[in-house]
Amino acid sequence: METLREYISFDLEFNRHQDKTHLIQVSAVHFKEGEEVGAFDSYVYTDAPLKSFINGLTGITSETLKGAPKVEEVLQKFQVFVGNLPLIGYNAAKSDLPILLEHGFDYSHQYLVDVYNEALERRSSDLHGIANLKLQTVANFLGFKGQSHNSLEDARMTARVYEAFLDSDESRLLLNSQSSLNSNPFGALDLSQLFD
């Protein structure tokens with residue numbers, strides 16, 4: 001897995017109406033050295049009717065969106081927030097990136113880590129055969145809480161899961177290096193002066 005010390009974790013909530021995707025929430029968190037240093041969160045105005053399923057899933061209502069800024073304004077502010085930093089997401093290559101592309105924003109070159117793919121690879125090891133790979137399930141397993149299908153909470157949970165995977169990788173490297181020292185009792189000694 002690529003190790004990023006500074007990055008943006010992002011997530012979108014959306015509603016489909018008449019074969020068109022309407023963004024309803026855009027969120028991102030800026031992480032640096034394992035800590036959140038900034039956040040972007042905005043609801044997005046849409047005049048498309050909000051499906052009751054989406055309302056139930058996200059808790060977002062038509063009333064919430066009525067006074068929100070339009071998609072162009074939100075995405076311009078999102079673009080400024082992201083800048084040139086690397087992006088991570090949770091299964092974003094299949095949904096969020098194509099939606100952003102539909103709106104004229106191509107982040108494929110900045111998208112460096114899909115945390116869902118990492119969870120899939122770690123399912124039998126770090127995640128001990130977890131029942132499913134939903135973001136909230138993985139986050140809860142690793143000790144993080146958040147409200148699923150709120151894009152700001154999802155962006156935060158994605159970053160926390162990524163950070164937990166980084167910690168796991170670093171611990172594994174440390175254990176491997178200590179284990180190789182333990183298998184050679186002279187490994188930590190500088191014996192070069194004995195052979196001059």
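Guide: **The sheet, strand by strand**

Ser-27 stands opposite Asp-41 in β3. This is a predicted model, in which local features need pLDDT of at least 70, side-chain atom pairs count only at pLDDT 80 or more, and totals for chains, interfaces and linings use all residues. Residues are numbered from 1 along each chain as its sequence is written, and side-chain values use heavy atoms, with hydrogens and water left out.

Strands (E, at least two residues) and helices (H or I, at least four) are DSSP runs numbered from the N terminus; two strands pair if DSSP finds at least two bridges between them. Strand β2, residues 20-32, pairs with β3 in the antiparallel sense over eight bridges. Strands β1 and β2 also run antiparallel, joined by twelve bridges, and Ser-27 in β2 is the bridge partner of Asp-11. The hairpin of β1 and β2 has two residues between the strands, and there Gln-18 takes a positive phi near 50°. By contrast, β1 and β4 pair in the parallel sense over two bridges, with Leu-87 in β4 as the bridge partner of Ile-8.

Together the five strands form an open sheet with mixed pairing, in the order β3-β2-β1-β4-β5. Its edge strands, β3 (35-43) and β5 (111-114), each pair on one side only.

Helix α3 (residues 71-82) lies across β1 (6-17), β2, β3 and β4 (87-89), running at about 20° to β2. Helix α5 (residues 115-122) packs on the sheet, touching β4 and β5, and its direction makes about 35° with that of β5. Contact means heavy atoms within 4.5 Å; axes are lines fitted to C-alpha atoms, for helices over the stretch in contact, and angles run from 0 to 180 degrees between N-to-C directions.
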